[in-house]
Structure formats: C-alpha cells, structure tokens
Amino acid sequence: MFHSMYPPQAGATVRPTLARIDHDGIGLNQGFDIQQSVFGLRVVVNFGTGVIRGTVKFEGDVSLGDTMIYVSCVREGAREPAVAMADARGHFLIRNLSPGKHECSVQPRIRTPTPLPRIPPQVVEVSNGAESEVTFVVDVRPTPGGP
C-alpha cells in the first residue's frame, strides 16, 4: 500500500503553479504590458504536494493490446494540466499537485472497431500532503437491442 509522505521525499520535484496575477486588486486573465507600472502587481504561486492516485477500468470485451491511457488533471483556474499515463493495469499516479479542485479526464489512445463511449470527467479535491483517489469505469459492453 502506498503511503504519501509530507514533506516530499528527497529528490522529488515540487512543481510551482501560477495561482493568479492581479494588478491593484483586479485579476489579469491575459498578458500584462510591462510598460505599465508594476506597483500593485501581485503574483501568487502555489507549491503543491498533493497526490491523485487512480484507476481506469474497462468493463466488457475490449482488447487493450497497444493501448495508451492518459489521465489529465487541471486545477480550477489553472492553464496547464498535470498528465500521467496509466500502467497496464490501468493504475496512475499524479504527484506535486497544488491544493484545490482538479478536473480529471481520461484520454485513451486505443484502436477498436467501435468508438469508446464518452468518459465523463471527475472533480477531485486535492490537499497539500494528502492523497486523493479516483476511479474511472468505461463500459464497452454492447447495449441490449443494439448492433
């Protein structure tokens, strides 16, 4: 069983993420013209130590031979997702996440005769020094009365 450690293990990289930028209390969603005064400019950076551990399960008869399954999690308000590839058992681990709500989604790279059903994203709450879990279930069984 995995036990998360706080602070991170020696040698682990803690990735800072840009939380927000505001100028005189007004949030900046786009670029900032450096010719403006930088007085009142505030940059907030998070150093995340949260972890999301999860599993992607397929129900039904599907060959996953050369499948690559990617899971991406993006924190609310962030621009860049954290991405991991699931192993052969469908397990994945994403470390060094900033606290907050993360929307996690699955992008399987799989060749099947029929397209996979849409896999809805899930929202996961992440806290520094803690581990959160998520499971995605992909039902590829034929629907009754279908082809």
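In which strand does Phe-47 lie? Phe-47 lies in strand β3.

## Basis of the model

This is a predicted model: local features need pLDDT of at least 70, side-chain atom pairs count only at pLDDT 80 or more, and totals for chains, interfaces and linings use all residues. Residues are numbered from 1 along each chain as its sequence is written, and side-chain values use heavy atoms, with hydrogens and water left out.

## Overall make-up

The protein chain has 10 strands and zero helices. Both are DSSP runs numbered from the N terminus: helices are H or I with at least four residues, strands are E with at least two. Of the 147 residues, 28% are buried. Buried means under 20% relative accessible area, exposed means over 50%, and partly exposed lies in between (1.4 Å probe, protein chains only).

Two strands pair if DSSP finds at least two bridges between them. Angles are taken between N-to-C directions and run from 0 to 180 degrees; the axes are lines fitted to C-alpha atoms, for helices over the stretch in contact. β5 and β6 run antiparallel and are joined by four bridges. Ser-72 stands opposite Val-83 in β6.

A disulfide joins Cys-73 to Cys-104, with S to S at 2.3 Å. The term covers a pair of cysteine sulfur atoms within 2.5 Å. The count comes to one disulfide. The link of Cys-73 and Cys-104 is right-handed, with 115° about the S-S bond. Cys-73 lies in strand β5 (residues 68-75) and Cys-104 in strand β8 (residues 100-109), so the pair ties together parts 31 residues apart in sequence. Cys-73 is buried at 2% relative accessibility. Cys-104 is buried at 0%.

## The three-strand sheet

Another open sheet has three strands in the order β7-β4-β10, with mixed pairing. The edge strands are β7 (91-97) and β10 (131-139), each pairing on one side only. Neighbouring strands here are turned by 20° against each other on average, direction ignored. Strand β4 (residues 50-59) pairs with β7 in the antiparallel sense over five bridges. Arg-53 stands opposite Leu-93 in β7.

## Salt bridges

The whole structure holds three salt bridges. Each is a side-chain nitrogen of Lys or Arg within 4 Å of a carboxyl oxygen of Asp or Glu.

Arg-53 also meets Glu-131 in a salt bridge (3.0 Å, N to O). This pair links strand β4 with strand β10, 78 residues apart. Glu-131 is partly exposed at 25%, and Arg-53 is partly exposed at 24%.

Arg-42 meets Asp-22 (3.0 Å, N to O). Arg-42 lies in strand β3 and Asp-22 in strand β1 (residues 16-23), so the pair ties together parts 20 residues apart in sequence. Arg-42 is partly exposed at 42%, whereas Asp-22 is buried at 7%. Asp-87 and Arg-89 also meet (3.3 Å, N to O). Asp-87 is partly exposed at 33%; Arg-89 is exposed at 60%.

## A nonpolar surface patch

Leu-18, Val-38, Leu-41, Val-43, Val-45 and Phe-47 form a nonpolar patch on the surface, with about 500 Å² of accessible area together. Patch residues have over 30% relative accessible area and no salt bridge; like charges are joined within 9 Å, nonpolar side chains (Val, Leu, Ile, Met, Phe, Trp, Tyr) within 5 Å. Accessible areas come from the Shrake-Rupley method with a 1.4 Å probe; for residues, only the protein chains shown count as cover. Strand β3 (residues 41-47) gives the largest share of the patch, four residues.
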